[in-house]
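Keep the structure open as you read.

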Amino acid sequence: MWESESESAATHKYGGGLLTSTNHGVKTEGFVQRGHSWYVATDIPSDFLVQIGEANFHLHKYPLVSRSGKLSRVIYESHDPDLNKIVMDDIPGGEEAFELAAKFCYGIAVDLTAGNISGLRCAAEYLEMTEDLEEGNLIFKAEAFLSYVVLSSWRDSIVVLKSCEKLSPWAENLQIVRRCSESIAWKACANPKGIRWSYTGRTAKISSPKWNDMKDSSPSRNQQVPPDWWFEDASILRIDHFVRVITAIKVKGMRFELVGASIMHYATKWLPGLISDTATPGDEASNCSMSNSSSSGGGSWKSGLHMVVTGTKDDNTSSLQAKEQRMIIESLVSIIPPQKDSVSCSFLLRLLRMAIMLKVAPALVTELEKRVGMQFEQATLADLLIPSYNKGETMYDVDLVQRLLEHFIVQEQTESSSPSRNSFSDKQHMGMGMGMGCILNAKARVARLVDSYLTEVSRDRNLSLTKFQVLAEALPESARTCDDGLYRAIDSYLKQASCSHHKEGKS
């Protein structure tokens, strides 16, 4: 979205990314491609063939060995004096990166860009194009471009980090991933006042203005830069790189609610069906609908998720998708800030639902359950209607709700007994008694939620009286300011039980 003022100067310093070497030894006007083969435009016959996949590079030994330690060693240490061919299918960056490296060896101008620099840097390392062979060799010049051009630019840092996805483990070992992640984190946390904005090629979807695609465009002094301006760009990254960026951002002290919002944005993009619209922390606190009609939203979650698990089209593809989504969920859970309300309760419950279905690691499922318990009063009935995926059990996962409720009770007891909470409550009691009122209000809201949930699940003939009773009695009597909801749930359960017995009697 933006670039520092030093970007233009850095780009100008490096001639817009044009890179050449000297003393190439073979005069040429460039490379010529015929089908899958590359030839050097020169009168000197080729004496060395490099094969990479289907691509064939008909080259000359001298320009290559004078700048590549690897090729020099292969050619001169070979016991075959007539060696004229080498296969390098394992070169990072593939034939595209090697083509640029080979052109550099011949002294042909190479246009460095954010799209090709990571592959070229890794290929240079693979080919061992060091300063020991020639001053100003490819490793040195690629590093200079990375440091002075790429890392000074928000846009280029994103592009390069994205390109590193196909360069593991080279990009990781050469610290390209770490440096780009740090660059992105620093810019995301920086004060955007006075900076220059530029279009990254992605359309921001969450409360970001429509950026002008003019590189030197700037917002007016009165225009407020949205705090989530970086969300969309960061969300294009692969999950492991996104985790690196978010980890760096957290270390730099960004507000936890912003970090949480960015995680929610990423999840909506990479976990289809997880969320229908992006909620922000606290939305559910002001919108706890307990009506039975809200339960209709619970069933709509099944379609998208079941397609991933059951594999309606291709089992192998479905299994791969499930594995990828499982990894995304596990990674996101590990980076959610520990503070309460860093993400919404609704988001946590939907993530929990998907985690259970995809059989995420039990420890992370338990962690999610505890997180939900911390803000259980914000949950809605629709979010709690999580199906039971064990055949022969109840329609909805009543045991899960029981565990969530237990986590909530433990959390409330811990907070009410902590010295800091008692001190706060005492101060508020001297005024309007708001401290204890918040606790009672949370318990009252949870009580209404549980009663509505009991009413909904009471229609399930497989729900045992024991489970119904345990869940109904889980909260202390003081939590319910009114017992009407509980009586409705009991009445609904008894009617269902009576109908079941009546049908069994007739049969």
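A residue counts as buried when its relative accessible area is under 20%, and as exposed when that area is over 50%; partly exposed lies in between. With that in hand, look at strand 5. The model is a predicted one.

**Strand 5 and its partners**
- Strand 5 covers residues 48-52, and four of its five residues are buried.
- Strand 6 (residues 55-59) runs antiparallel to strand 5, and five bridges join the two.
- One of the paired positions is Leu49, whose bridge partner in strand 6 is His58.

**Ser262 in helix 12**
- Ser262 belongs to helix 12, which spans residues 256-270.
- Ser262 counts as buried because its relative accessibility is 3%.
- A polar atom of the Ser262 side chain lies 2.6 Å from the backbone oxygen of Val259.
- Beyond its neighbours within four places in sequence, Ser262 is in contact with Trp230, Phe231, Phe242 and Ile246.

**A nonpolar surface patch**
- Tyr487, Ile490 and Leu494 form a nonpolar patch on the surface.
- Together they have about 310 Å² of accessible area.
- Ile490 is part of helix 23 (residues 484-506).
- Is Ile490 buried, partly exposed or exposed? Its relative accessibility is 32%, so Ile490 counts as partly exposed.

Terms used:
Residues are numbered from 1 along each chain as its sequence is written. This is a predicted model: local features need pLDDT of at least 70, side-chain atom pairs count only at pLDDT 80 or more; totals for chains, interfaces and linings use all residues. Side-chain values use heavy atoms; hydrogens and water are left out. Patches are made of residues with over 30% relative accessible area and no salt bridge: like charges are joined within 9 Å, nonpolar side chains (Val, Leu, Ile, Met, Phe, Trp, Tyr) within 5 Å. Accessible areas come from the Shrake-Rupley method with a 1.4 Å probe; for residues, only the protein chains shown count as cover. A salt bridge is a side-chain nitrogen of Lys or Arg within 4 Å of a carboxyl oxygen of Asp or Glu. Buried means under 20% relative accessible area, exposed over 50%, partly exposed in between (1.4 Å probe, protein chains only). Two strands pair if DSSP finds at least two bridges between them. A polar contact is a pair of N or O atoms within 3.5 Å; within protein, one must be able to donate a hydrogen and the other to accept it, and residues adjacent in sequence count only if both atoms are side-chain atoms. Contact means heavy atoms within 4.5 Å.
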